[in-house]
Amino acid sequence: MTNPQVKRVLVSVTDKTGVVEFARALHEEFGAEIISTGGTAKVIAEAGVDVTPIDAVTNFPEMMDGRVKTLHPKIHGGILANKDLPEHMATLEEKGIKPFDLVCVNLYDFAGAVERKLSLEQAVEEIDIGGPCMIRAAAKNFHSILVLPGTKWYATAMQEMKEHGMKVSLDFRQAMASRAFEATSRYDALITSYLRPGA
């Protein structure tokens, strides 16, 4: 897929810096549909931006204190579908899944948990599971989707979309995929170091 247009966006962020402005621009300037999780959806909605809660897509409530909310076929099917493969698109149609064009995710602040010297039990709750899964899925599928793994990429992405009629180039998608894997690699390395006995 050469230059997919961004029409459907998944937003799930711990660091909410700039997310309202980014979501508003995507929705109000370009007509993109915004789907979002828990606290992110609340912040966006309270700012008056139209947003669809994640459980309205999955038809399943967030559970286990938020441990399970995005780990669902209607999310990951929409992220991982190769839009150039008719059989993938047929599967989405059959299962009632809509594809995503942009995944905007940043991770739980595990570094902050370490700095605050939380107990092991408390720190473990700051290990993000759904976030890395979404980031890695979107990065793998950069052929069809754009991933933004941090707040610092909002302005760059918006400029890219404005210059190309709400479309994103393959070069930009690939560059962001690299940044995404870099982000999850650093995150995993921090957790690895923290959990290693004797560290």
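Let's start inside. Phe 22 is buried, with a relative accessible area of 5%. Buried means under 20% relative accessible area, exposed means over 50%, and partly exposed is in between, with a 1.4 Å probe and protein chains only.

A word on what we're looking at. This is a predicted model, so local features need pLDDT of at least 70, side-chain atom pairs count only at pLDDT 80 or more, and totals for chains, interfaces and linings use all residues. Residues are numbered from 1 along each chain as its sequence is written, and side-chain values use heavy atoms, with hydrogens and water left out.

How confident is the predictor? pLDDT is its confidence in each residue, from 0 to 100. The chain averages 88, and 95% of the residues score at least 70. Where pLDDT is low, the predicted coordinates should not be read in detail. Helices (H or I, at least four residues) and strands (E, at least two) are DSSP runs, numbered from the N terminus.

Back to the rings. How many aromatic pairs does a search of the whole structure find? Two. The cut-off: ring centres of Phe, Tyr or Trp (its six-membered ring) within 6.5 Å; planes under 30 degrees apart are stacked, over 60 edge-to-face, the rest tilted. Phe 22 and Tyr 154 are stacked, at 4.6 Å centre to centre and 0° between the planes. Phe 22 sits in helix H1, residues 19-29, and Tyr 154 in helix H9, residues 154-163, so this pair ties together parts 132 residues apart in sequence. Tyr 154 is buried too, at 6%.

Next pair. Distant parts of the chain are linked here: Phe 110 is in helix H6, residues 110-115, Tyr 194 in helix H10, residues 170-195, and they are 84 residues apart. Phe 110 is buried, at 1%. Tyr 194 is partly exposed, at 26%.

Now charges. The structure holds six salt bridges. That term needs a side-chain nitrogen of Lys or Arg within 4 Å of a carboxyl oxygen of Asp or Glu.

Take Arg 8. What does Arg 8 form a salt bridge with? Glu 33, with the closest N and O atoms 3.4 Å apart. Arg 8 is in strand S1, residues 8-13, and Glu 33 in strand S2, residues 33-36, so the pair ties together parts 25 residues apart in sequence. Arg 8 is buried, at 8%, whereas Glu 33 is partly exposed, at 29%. Arg 8 also lies over the face of Phe 100, 4.3 Å from the ring centre. For that, NZ of Lys or CZ of Arg must be within 6 Å of the ring centre and within 35 degrees of the ring normal.

On to helix H10. Arg 179, Glu 182 and Arg 186 are linked in a network of salt bridges. From Arg 179 to Glu 182, the closest N and O atoms are 3.6 Å apart. From Arg 186 to Glu 182, they are 3.8 Å apart. Spacing along the helix: Arg 179 and Glu 182 are three residues apart, about one helical turn. Arg 186 and Glu 182 are four residues apart, again about one turn. Buried or exposed? Arg 186 is exposed, at 52%. Arg 179 is partly exposed, at 37%, and Glu 182 is partly exposed, at 37%.

Conventions
pLDDT = per-residue confidence, 0-100.
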